[in-house]
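Let's take a walk through this one, with a single helix as our guide. Have the viewer open and follow along.

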Amino acid sequence: MSELKNTIVSDMTAAMKARDKETVAALRMLKAAIQTEEVSGSKHELTDEEVLRVIEREVKKRRESAEMYAENGRQELADAELAEAEVFARYQPEQLDDDAVKNLVAESVAEVAGDDAPSMKIMGQVMKVAKEKAAGQVDGKRLSEAVKAALQG
């Protein structure tokens, strides 16, 4: 079992003992998502890197759901989704600030473009390199916006 998955399980046990219902419910959902990922396709134990991707996906789902709930006037449901996202976010690496994202994108553009002038044609290649370098430390949407800005400007 991956170290991150062990941490989630032990935190869930601690939350049960502390009778923290919201945290227990969120961690159970996260554990279920991890187990679903383990049995889909070829059965295998997930590495910490794969668990981080599952966590990232679950956080994104919760934030998108919260936006939809808020738009439709269901703030109590939006708050619940955001609370779950905050619980999940504890297990993600610290997110990069805007300056660090710009530097990472600039390095990636320089690496991919080389001596050529950067253009939108190489966005996919730049995104691939930048995502590998970021390793879960930046949201895909933020990274995409930064790459677009770097390639256009």
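Before we start, one term: a polar contact here is a pair of N or O atoms within 3.5 Å, where, within protein, one must be able to donate a hydrogen and the other to accept it. Also keep in mind that what you are looking at is a predicted model.

Start at R62, which sits in helix α3. Its side chain makes a polar contact of 2.9 Å with that of E58. R62 has a relative accessibility of 9%, so it counts as buried, the cut-off being under 20%. Once neighbours within four places in sequence are set aside, the residues in contact with R62 are M29, E81, E84, A85 and F88.

α3 covers residues 48–71, 24 residues in total, and its first and last C-alpha atoms are 35 Å apart, close to the expected 34 Å.

On the α1 side, the contact uses E3, L4, K5 and I8, while α3 brings D48, V51, L52 and I55. Sorted by class, that contact has 5 nonpolar and 3 charged residues, and no polar ones.

Last stop: just after α3, look for G73, which has a positive phi of about 75°.

How values were computed
Residues are numbered from 1 along each chain as its sequence is written. This is a predicted model: local features need pLDDT of at least 70, side-chain atom pairs count only at pLDDT 80 or more; totals for chains, interfaces and linings use all residues. Side-chain values use heavy atoms; hydrogens and water are left out. Helices (H or I, at least four residues) and strands (E, at least two) are DSSP runs, numbered from the N terminus. The expected span of a helix is 1.5 Å times one less than its number of residues. Contact means heavy atoms within 4.5 Å. Ala, Val, Leu, Ile, Met, Phe, Trp, Tyr, Cys and Pro count as nonpolar, Asp, Glu, Lys and Arg as charged, and the others, Gly among them, as polar. Buried means under 20% relative accessible area, exposed over 50%, partly exposed in between (1.4 Å probe, protein chains only).
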